[in-house]
Amino acid sequence: MEVFKSCVLRRSACAAAACFWRSKAISKRPVREISTTSARNTVMPAWVIDKYGKNEVLRFNQNMLLPIIHYPNEVIIKVHAASVNPIDVNMRSGYGAAALNMKRDPLHIRTRGEEFPLTLGRDVSGVVMECGLDVKYFQPGDEVWAAVPPWKQGTLSEFVVVSGNEVSYKPKSLTHTQAASLPYVALTAWSAINKVGGLNAKNCKGKRALILGASGGVGTFAIQIMKAWGAHVTAVCSQDAGALVKKLGADEVVDYTSGSVEEQLKSLKLFDFILDNVGGSTETWALNFLKKWSGATYVTLVTPFLLNMDQLGIADGMLQTGVTMGTKTLKIRPVIEQTFPFSAVPEAFLKVERGHARGKTVVNVI
């Protein structure tokens, strides 16, 4: 019995000693301080739609959730300026909704309508606020521009999250307003001319190019890039836009208000490349003005737009291709027809919807 009691006492003493030393070891560990600063805002202002329709579906939402980084290659940009493109007007009305929802949710896990509230806007110029762990080329504070694919939340908001391959440094020679007018139309034109048309600085000299709808955002960029590469450019636009496209470098101007464009083109030589920003009836006769058996190319960016968009790879890393706007490599003049404050986004949409553009419509968010 005495032996048993002695064993119990020894075990108790050992346990007490172990507890003592454990408590000392724990007490020596550094105490992690907890920050008592207030949490940052979790909402932001944005223009959204809750359903597809006409311009009245646009709604100003002051309590849109801030975007967060889901993947290590993403960055969050504080938007300084954005722009409104024809695709934004079409998306507002529901064009391409089925295809874009398939891209957003290929496994059909979500229920119908879960894309809402949907923020429109494809172009952005702003400042990097936060970077994912795999982002090596950017850091907070960098001034950047980007073109956001149409299946992602758009740029008509205070902040937007984009993939690192959709972003590039903003040229220092451009303001945020000027920079926001270029990415989406530049990528559209670049992809059509270079990726589909096969034209570049080495093989474009002397080629004859026809641009239908030359005074809009894509057209004004296409004129400049093809002239920089030495092409002969014929621009189709209205009479009052003739001076603008001439100033951008167009060699010949065809006024669609003075008669049938098809008839006017019959007096000109055939073309190596046709870029169609108009669509509709032009598709029935434009092919007749291509050079025969020469590899000439016709590209339409209107019908079917989403199919061409997937084919051309618009807004998917093309800012990294070497088009250096505003530098010695290739000087491009931003063509901005009108700027709107952030409070007037619906008016900007109406402006683009009316058509007959003379460049880009830009929204200053800050």
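1. Axes are lines fitted to C-alpha atoms, for helices over the stretch in contact, and angles run from 0 to 180 degrees between N-to-C directions.

2. The model is predicted: local features need pLDDT of at least 70 and side-chain atom pairs count only at pLDDT 80 or more, while totals for chains, interfaces and linings use all residues. Residues are numbered from 1 along each chain as its sequence is written, and side-chain values use heavy atoms, with hydrogens and water left out. Helices (H or I, at least four residues) and strands (E, at least two) are DSSP runs, numbered from the N terminus.

3. At the helix contact (heavy atoms within 4.5 Å), helix 5 contributes V185, A186, T188, A189, W190 and I193, which meet G217, V218, F221, A222, I225 and M226 of helix 6. By class, this contact has ten nonpolar, two polar and no charged residues. Here Ala, Val, Leu, Ile, Met, Phe, Trp, Tyr, Cys and Pro count as nonpolar, Asp, Glu, Lys and Arg as charged, and the others, Gly among them, as polar.

4. Turning to the strands, two of them pair if DSSP finds at least two bridges between them. An open sheet of five strands shows parallel pairing in the order 11-10-9-12-13. Strand 11 (252–255) and strand 13 (297–300) each have a single partner strand, so one side of each is left without a neighbour in the sheet. On average, neighbouring strands of this sheet are turned by 15 degrees against each other, direction ignored. Strand 12 (residues 273–276) pairs with strand 13 over four bridges, in the parallel sense; F273 has T297 as its bridge partner in strand 13.

5. A further open sheet, of three strands, has antiparallel pairing and the order 2-1-4. Its edge strands, strand 2 (58–65) and strand 4 (118–119), each pair on one side only. Two bridges join strand 4 to strand 1 (residues 43–49) in the antiparallel sense, and L118 is the bridge partner of I49.

6. Strand 5 (residues 123–131) pairs with strand 3 (residues 74–84) over eight bridges, in the antiparallel sense. Strand 5 also runs antiparallel to strand 6 (residues 143–147), with five bridges joining them. V127 of strand 5 is the bridge partner of K78, and E143 in strand 6 is the bridge partner of V127.
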